[in-house]
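Please take some time with the sequence and the model shown here before reading on.

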Amino acid sequence: MRPTVDRAYAHAWTALVLTALAGAVDGAGFLALGQQFVANQTGNAVLLAVSLSGELTGRDDGLSAVGPLWSLAGFSLGAVAASLATRRHVLTSFGVPGLLVAEVALLALAGLAGSTEPAIGLAAFAMGVQSIHAARIGLAGVTTTVLTGTLIALSVNLSGNRDDLRSARLQAGVWGVYLLGAGLGSVLAHEVSFSAVCWSAAGVAALMAVAGFVEDRYLRARALPVGARRQLLSAPRSQTFRLTGLLNRASRLGAGLASRPASAPASPCAAPRGPRRRPPRRGGGTRSPRPRGARARRGGS
């Protein structure tokens, strides 16, 4: 029997690191970008509503709607683009770790943009991609960027069974690392710059992407027979992509065959079928055999 791998909890450590990363970028953005959030879009919705109400009523709150709009638009576009790129019928062999590669590029560009509105949009775009990454690896109640839903899931799981308490420990850890990351990010943004925080976060995300590629290759190899497993692990990268592509096709074919209704197997105790009988004549009766000597006697008479 092949060993099973709980991929959700195998990726729990990735979720904790990425949550700390989101907290660092959020804390640095709030301090260096005019009190704007790049990951926590609930806060941006409140800031946008307060600034718009101040504009309509003539109240001077010192808030602008430009920053929240950049953040909300960037986050939404990033989430939609990442979701479309990892749909089931277009998902490549390493599609989910590939989202972290996109996040690395976006955070690096946000660092180059400095403390401007495009930096808010690019950083928020990266956080939207990261949210879809958390959804694709299948961690219930953990998005790595928004903590309100995590707090609700934590409260529910505290009164559940053993598996629920296991999830609650992960969700409590997510809260802790987010607070730690936000504090460290604000310190680094104050002492250095927002760009330094973005580039540091990009480096961490790059390490997580490499770990994701390695883990995905290892988990695929464990699901194979011994001979194919050795061939996959020892193959060059170009051959690895071809092998994993063939494995994906085989798994889809197997899933299609499994979904077809199977015919009932013949019972080993079933009686053997006898010879086929001819149907009766139209007259209804059966033809009686003629005696052998009848034709001879008829001819002699």
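A residue is called buried when its relative accessible area is under 20%, exposed when that value is over 50%, and partly exposed in between, with a 1.4 Å probe and protein chains only. The model is predicted, so that local features need pLDDT of at least 70 and side-chain atom pairs count only at pLDDT 80 or more, while totals for chains, interfaces and linings use all residues. Residues are numbered from 1 along each chain as its sequence is written, and side-chain values use heavy atoms, with hydrogens and water left out.

Let us begin with the chain as a whole. The protein chain holds 12 helices and zero strands, where helices (H or I, at least four residues) and strands (E, at least two) are DSSP runs numbered from the N terminus. Of its 301 residues, 35% count as buried. If a contact is taken as heavy atoms within 4.5 Å, then residues 24 or more positions apart account for 68% of the chain's contacts with a separation of 6 or more.

H133 sits in helix α6, which spans residues 117-137, and H133 counts as buried because its relative accessibility is 5%. Not counting residues up to four places away in sequence, H133 touches T14, L18, V96, L99 and L100. S71 belongs to helix α4, and S71 is buried because its relative accessible area is 0%. With neighbours within four places in sequence left aside, S71 is in contact with F37, V38, Q41, N44, I120 and A124. S195, which lies in helix α9, counts as buried because its relative accessibility is 12%. The C-alpha atoms of S195 and A28 are separated by 9.3 Å, although these residues are 167 residues apart along the chain.

How do the helices pass one another? The axes of α4 (residues 66-85) and α6 come within 7 Å and cross at roughly 35°, where axes are lines fitted to C-alpha atoms, for helices over the stretch in contact, and angles run from 0 to 180 degrees between N-to-C directions. This crossing of α4 and α6 is right-handed; a crossing is given that name if the near helix is turned clockwise from the far one by less than a right angle, and is left-handed if anticlockwise. Among the residues that make the contact are W70, S71 and F75 of α4 and I120, A124 and F125 of α6. The residues of this contact divide into 14 nonpolar, eight polar and two charged, where Ala, Val, Leu, Ile, Met, Phe, Trp, Tyr, Cys and Pro count as nonpolar, Asp, Glu, Lys and Arg as charged, and the others, Gly among them, as polar. The axes of α7 (residues 148-157) and α8 come within 8 Å and cross at roughly 145°, and the crossing of α7 and α8 is left-handed.

Finally, consider the second largest pocket, which has a volume of about 220 Å³. Its lining consists of 14 residues, of which A20, L21, A24, G181 and V204 lie nearest its centre. The elements that give two or more residues to this lining are α2 (12-32), α8 (162-191) and α9 (194-222). A pocket is here, on a 1 Å grid over the protein atoms alone, an open set of points where a 1.4 Å probe fits, with protein on both sides within 12 Å along at least five of seven lines, and lining residues have an atom within 4 Å of a point. Grid points are joined across faces, edges and corners, and a volume is the space filled by probe spheres set on the points.
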